[in-house]
Amino acid sequence: MGQFSFKSVGTTQVQQTADTLAQTPMPVGIKTPLALGTDDLLAMNTDVATQMGDNLRNLILTNWGERLGFYAFGANLRPLMSDMSSQDDFDSKAIVQIKNTVQTWMPYIDLQSFDTSFDNVQNKNTAIVHLTITYDIPSLKVYGKSLQVTLYAM
Amino acid sequence: MGLKQEALKSVRVRKYIARDFDGMRALLLEYARAYYPTKIADFSEQSLGGLFLDFASYVGDSLSFYLDHLYSELDPATAVEPDNVQRQLTAAGVPIIGASPSLVKVTAYIEVPADSSQSIMVSALPIIRANSTFTADNGTIFNLLADIDFSQTNSNGSLAASVKIGKQSATNVTKTYILALSGLCISGQEATETITVSADFVPFRQITLQNPNVSNIVSVNDSLGNIYYEVNALTNDVVYKNVLNTASDSDLVPEAIKVIPAPYRFVTNVDITSRQTTLTFGGGNADSLQDDVIPDPSSFAISFPYTKTFSRIPVNPEKLLTTTTLGVAATNTTYTITYRYGGGLNHNVIVDSIQTLRNLDVYFPGNPAPNIAAAVRSSIEVTNTERSSGGEDAPSIDDLKALIPSIRNSQERIVTREDLIARVYTLPSNFGRVFRAAVHSNPHNPLSTQLFIVSRNSDGQLIPSPDTLKSNLAKYLTPYRLITDAIDVLDAAVINLAFSFDVLVDPSLNKTIVVQNVLTKLQSFFDIKNFHIDQPITLSEISNLIFQIPGIISINKMKFDTRVGTINNRQYSDVIFNVEANTKYGLVFPPTGGLFNVAYPDVDIVGKVSV
């Protein structure tokens with residue numbers, strides 16, 4: 001039996017890779033709004049569920065014609081916002097549009113609930129609409145996630 | 001080994017095979033996954049990473065498209081942008097034209113009183129001047145191109161106009177005569193523009209005319225009295241002008257070519273989109289370098305009076321461009337540009353539709369009494385006895401592009417024999433008409449070519465081409481001729497032949513009718529339109545023609561004889577020809593530059609029936 005010093009004990013390559021991955025999570029996608037990152041140039045999402053939430057928010061905030069190459073990308077809520085005051089069924093229309101676009105572009109998202117709240121206090125002439133959406137991502141076993149987006153009536 | 005692996009790691013594989021959006025996006029995605037797997041993973045369409053990929057692919061796709069587009073624009077067959085098509089057409093020498101006008105011969109009729117001897121009152125014969133205008137039923141305006149001079153006479157002294165007796169008294173005393181004379185008219189309208197230019201020297205000044213579809217620049221003058229001539233290129237310093245031929249052969253050649261210098265000149269360009277014409281004048285400064293064809297560079301050198309040495313003679317190169325070698329650009333003057341414009345298919349009007357006098361410019365050189373002049377003027381009527389033709393709508397861009405290959409092949413120079421023959425036949429008819437032309441090498445001079453030509457008189461008989469025609473032809477060919485080439489214009493030797501035959505005819509048929517059928521067939525065969533210079537006669541072809549006539553059983557004899565000089569008031573050429581000596585292998589060969597002709601087929605083709 002030999003005698004070994006602990007100073008000369010290393011780690012296996014597999015263990016080293018696992019340790020590295022555990023310490024620095026793998027970036028999945030670019031986080032929005034854009035911000036400077038600490039390790040990378042831009043701040044990144046490091047888990048898939050967060051990245052999907054980010055993508056979902058961008059999908060809802062995008063209007064038709066804004067996405068290069070995909071004219072019909074987005075929930076296209078701006079037209080609804082522009083004549084919101086004359087509409088009694090804003091909620092139902094917004095729900096339909098959000099549901100349709102999610103089914104088209106992010107079918108793996110399972111929408112659960114939709115809630116709106118209007119804020120007329122901050123600006124008398126411009127209404128602010130807060131949309132709160134709860135959703136599941138069954139393929140990732142993620143349930144009960146919520147997302148709030150803010151829209152400004154014109 | 002480690003260094004090699006490091007070197008390999010630094011080599012990033014780039015692929016350049018993608019040309020469109022999808023291909024580039026796929027390659028970019030592959031590249032990102034290969035070299036940035038730990039940096040970003042989400043390139044889905046909903047993500048920002050996917051958006052960036054789309055941006056890059058879109059830029060690449062656009063660049064690829066424009067690269068393809070640029071290459072397409074280099075080929076006239078695939079070019080689509082009007083500016084590029086215009087450059088291709090200009091480079092190939094295809095003239096861009098607008099709608100073409102229609103041409104028609106209009107006959108003018110006048111009623112002229114008889115004089116005391118019951119002859120035409122010559123002093124009352126008017127001239128309907130060029131630029132008089134007539135209107136067709138559909139409103140198309142026709143301009144008279146040249147004067148209709150009713151006092152014009154032929155070489156035999158008789159009036160060129162056709163004359164009929166007009167009014168007569170009860171005692172058959174002729175009171176008036178009806179004269180008819182034709183003149184060529186062109187459709188379209190004439191316009192004049194005046195453009196004032198400042199005293200600043202502007203080389204290659206350009207002036208764009210307001211009206212599109214300009215068919216002809218009639219005249220360009222300036223207020224200094226200079227006449228500007230249209231040339232194909234500003235390097236052309238002479239133009240060819242047609243002048244009235246006053247020589248004895250004026251019946252056959254009405255006009256002669258005169259070479260005149262053109263220091264004041266311009267070229268025209270037509271915009272392919274608007275079909276507007278732009279005139280580009282010369283680049284020389286008329287004030288400073290009027291006489292300098294080739295400038296003296298030393299006059300432009302900057303002097304160094306206190307310097308003993310210098311490395312170069314500084315010369316302002318811009319001054320070398322202000323010579324008269326590319327024509328003169330006048331300054332401080334007013335250009336007056338007269339031109340004709342308009343055309344199209346609807347300008348081709350039917351017979352007898354041009355009958356309205358729109359603007360009649362009549363001149364009486366004989367100064368008749370005012371009442372006679374007024375009566376003659378009021379009697380003028382016009383009509384077109386033939387349909388006008390030549391009117392065409394402006395060719396489309398595709399039409400013009402289709403012309404490029406053919407125009408490229410036919411460069412404006414005479415290189416081959418075919419080029420020379422083609423040029424001879426394209427001599428404008430008012431300078432004389434060559435009926436047949438043939439080209440041979442000169443056996444005595446390797447740098448010279450013999451051009452044999454022959455013409456026809458008004459009766460359709462072959463005659464040696466008039467001297468004025470040869471002179472016109474020489475001037476016409478000179479610009480197309482290579483500088484080392486010489487062309488000897490010679491008269492073709494016309495060999496007048498007579499043909500006789502002896503045939504055996506089916507006894508059951510009428511011999512006279514059978515022979516007449518043969519004669520008719522042979523007269524058609526020997527029509528001069530079927531013969532060219534140097535063309536031999538094939539005897540078996542004649543035999544075949546005779547045998548084609550029903551009733552011919554056999555040919556006993558066929559014989560050619562020559563006709564020379566004057567026989568029973570029939571004029572033949574003076575060329576003596578031995579038929580037998582020039583018959584070989586069943587072919588009768590003419591001498592070099594010779595042309596067979598049966599001048600009087602009714603007399604010179606004789607048939608006989610053997611019993």
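**Exercise 1. Two helices of chain B**

In this predicted model, helix 8 (residues 417–425) and helix 9 (residues 467–477) of chain B pack against each other. Find how the two helices are oriented, and which residues make their contact.

*Solution.*
Step 1. The angle between helix 8 and helix 9 of chain B is about 125°, and their axes lie 10 Å apart.
Step 2. Angles of 65 to 115 degrees count as roughly perpendicular and those over 145 as roughly antiparallel. The two helices of chain B are therefore oblique to each other.
Step 3. Helix 8 and helix 9 of chain B cross in the right-handed sense.
Step 4. Helix 8 of chain B contributes B:Leu420, B:Arg423 and B:Val424 to the contact, while helix 9 of chain B contributes B:Leu473, B:Tyr476 and B:Leu477.
Step 5. Sorted by class, the residues of this contact are five nonpolar, no polar and one charged.

**Exercise 2. A sheet of chain B**

State the strand order of the open sheet of seven strands in chain B, and explain why one side of strand 8 and of strand 9 is left without a neighbour in the sheet.

*Solution.*
Step 1. The order is 8-18-10-11-14-15-9, and the pairing is mixed.
Step 2. Strand 8 (189–197) and strand 9 (206–212) of chain B are at the edges; each has a single partner strand, so one side of each lacks a neighbour in the sheet.
Step 3. From one strand to the next, the twist averages 30°.

**Exercise 3. One strand pair**

In which sense do strand 14 and strand 15 of chain B pair, and which residue is the bridge partner of B:Val270?

*Solution.*
Step 1. Strand 14 (residues 265–270) and strand 15 (residues 276–281) of chain B are antiparallel, paired over five bridges.
Step 2. B:Val270 has B:Thr277, in strand 15 of chain B, as its bridge partner.

Methods. Residues are numbered from 1 along each chain as its sequence is written. Chains are lettered from A and ligands numbered from 1 in the order in which they are written. This is a predicted model: local features need pLDDT of at least 70, side-chain atom pairs count only at pLDDT 80 or more; totals for chains, interfaces and linings use all residues. Side-chain values use heavy atoms; hydrogens and water are left out. Axes are lines fitted to C-alpha atoms, for helices over the stretch in contact, and angles run from 0 to 180 degrees between N-to-C directions. Helices (H or I, at least four residues) and strands (E, at least two) are DSSP runs, numbered from the N terminus. Angles under 35 degrees count as roughly parallel, over 145 as roughly antiparallel, 65 to 115 as roughly perpendicular and the rest as oblique. A crossing is left-handed if the near helix is turned anticlockwise from the far one by less than a right angle, and right-handed if clockwise. Contact means heavy atoms within 4.5 Å. Ala, Val, Leu, Ile, Met, Phe, Trp, Tyr, Cys and Pro count as nonpolar, Asp, Glu, Lys and Arg as charged, and the others, Gly among them, as polar. Two strands pair if DSSP finds at least two bridges between them.
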